[in-house]
Amino acid sequence: GGTPQCNHYVVRSTATSVTISYSCKGAGQGLTTIRKESPRLIQIQSQGIANGSPFSFSVEGRRTAACDR
């Protein structure tokens with residue numbers, strides 16, 4: 001049991017995006033890119049292998065309004 005030991009490093013970093021590669025011993029590995037399209041929109045793409053199975057996903061984040069309390 002326990003938490004797998006993971007290593008990560010930044011593959012590429014620009015003003016509007018970052019790509020991070022990671023590997024977790026015995027648990028999997030992957031590559032994730034987060035890209036800022038505009039002040040209101042980000043894209044996140046990730047793919048790799050987790051517990052022996054490949055995965056790939058892409059999500060979009062939108063800011064719809066200020067976070068008022």
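The questions and answers below concern this predicted model.

Reader: Which strands are the edge strands of the open sheet?
Author: The five strands of the open sheet follow the order S1-S2-S3-S4-S5, with antiparallel pairing. An edge strand here pairs on one side only. The edge strands are therefore S1 (6-13) and S5 (53-62).

Reader: How many bridges join strand S2 to strand S3?
Author: Strand S2 covers residues 17-24 and strand S3 covers residues 28-38. Val18 stands opposite Ile34 in S3. The two strands run antiparallel, and the number of bridges that join them is eight.

Reader: Are the rings of Phe55 and Phe57 stacked or edge-to-face?
Author: The ring centres of Phe55 and Phe57 lie 6.4 Å apart, and their planes meet at 25 degrees. Planes under 30 degrees apart count as stacked. The pair is therefore stacked.

Reader: Which residue forms a salt bridge with Arg35?
Author: A salt bridge requires a side-chain nitrogen of Lys or Arg within 4 Å of a carboxyl oxygen of Asp or Glu. For Arg35, the closest N and O atoms of the salt bridge are 2.6 Å apart. The partner is Glu37.

Reader: Is Arg62 buried or exposed?
Author: Arg62 meets Glu60 in a salt bridge, at 3.1 Å from N to O. The relative accessibility of Arg62 is 57%. A residue counts as exposed over 50%, so Arg62 is exposed.

Methods
Residues numbered from 1 in each chain as written. Predicted model: local features only at pLDDT ≥ 70, side-chain atom pairs only at ≥ 80, totals over all residues. Heavy atoms only, no water. Phe/Tyr/Trp six-rings, centres within 6.5 Å; stacked < 30°, edge-to-face > 60°. Helix = DSSP H or I, 4+ residues; strand = E, 2+ residues; numbered from the N terminus. Buried < 20%, exposed > 50% of the residue type's maximum accessible area, 1.4 Å probe, protein only.
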